[in-house]
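Here are my notes on this one, point by point. Have the structure open while you read.

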Amino acid sequence: MWRRTIRLSSILASSRPSLIIQTETAYRLKISERFCSEVNGGSPARDKTPFITFVLGGPGSGKGTQCARLAEMFGFTHLSAGDLLREEISLNTENGSMILNTIKEGKIVPTEVTVKLIQEAINSSANDKFLIDGFPRTEENRLKYEQIVGGEPNMVLFFDCPKDEMVKRLLSRNQGRIDDNIETIGKRMEVFRAVTLPVINYYSNKGKLYKIMAVGTEDEVFERVKPIFTGLKQSLEA
């Protein structure tokens, strides 16, 4: 894998005027970085293959909250599929307009679009450890990810929470979301059971699933998931 090869110390030791030094250094770095980008398909050079963790759970299971804490403690980058779509919309790009119009029409954003946003976020990051929150939701999501990215996640977390507890959390969180009402919540949970549980079962059969009981306080749930990452940190740093 190609890397920057300029030795700044030898340039700075030169007797040339500082302005010429700075100009030449910047030019060489730009050429080197462009070459690296072309060789690596537009992504930064990596020492390691990214370690990918999918994070699944029903609405109100608390997976987003736990992802934020795991990212802070263990140095992962937390990527939310929903946040990536919203960010793309906010950029007012052609792709963002398509996403917005699709959502307004009550349709599902094409899986290929979501996967490519995830892939771009991973490729543009200097980190090599990722928590992908809320994806894949369906078998079609899973298959399209494998097709585009060319591999499976390293592991999958499933925050398992009883329906009554999830409903209570959603009704009390008061985040101003239009889908946090009892009727919509019920529909979202039916969809989760119908389309996401097969994905969870697939990864369970592959031996990649870690099931965490998501009942209790945030701290109590975190104490259940933390040992997984404590052991993982040791193996990744070995």
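1. A residue is called buried here if its relative accessible area is under 20%. On that basis, 38% of the 238 residues in the chain are buried. Bear in mind that this is a predicted model.

2. Overall make-up: the chain has ten helices and five strands. Its accessible surface is about 14100 Å², with 52% of that belonging to carbon and sulfur atoms. Of the contacts with a separation of 6 or more, 74% are between residues 24 or more positions apart.

3. Have a look at how α7 (residues 139-149) sits against α9 (residues 182-205): the axes are 8 Å apart, at an angle of about 50°. That makes the two helices oblique. On the α7 side you'll find E139, R142 and E146, meeting V195, P198, V199, Y202 and Y203 of α9. Sorted by class, this contact has five nonpolar and three charged residues, and no polar ones.

4. Now the rings. The count is eight aromatic pairs. One of them is F54 with F135: centres 6.0 Å apart and planes at 80°, so edge-to-face. F54 belongs to strand β1 and F135 to the loop between β3 and α7, so this pair ties together parts 81 residues apart in sequence. F54 is buried at 0% relative accessibility, and F135 is buried at 3%.

5. Another pair is F74 with F229, where the centres are 5.8 Å apart and the planes at 35°, so tilted. Here F74 in α3 is linked to F229 in α10, 155 residues apart. F74 counts as buried at 9%, as does F229 at 1%.

6. Which residues do ring pairs link into a cluster? They are F54, F135, Y145, Y202 and Y203.

How values were computed. Residues numbered from 1 in each chain as written. Predicted model: local features only at pLDDT ≥ 70, side-chain atom pairs only at ≥ 80, totals over all residues. Heavy atoms only, no water. Helix = DSSP H or I, 4+ residues; strand = E, 2+ residues; numbered from the N terminus. Buried < 20%, exposed > 50% of the residue type's maximum accessible area, 1.4 Å probe, protein only. Contact = heavy atoms within 4.5 Å. Areas by Shrake-Rupley, 256 points an atom, 1.4 Å probe, with all protein chains shown as cover. Axes fitted to C-alpha atoms, helices over the stretch in contact; angles between N-to-C directions. Parallel < 35°, antiparallel > 145°, perpendicular 65-115°, else oblique. Nonpolar A, V, L, I, M, F, W, Y, C, P; charged D, E, K, R; others polar. Phe/Tyr/Trp six-rings, centres within 6.5 Å; stacked < 30°, edge-to-face > 60°.
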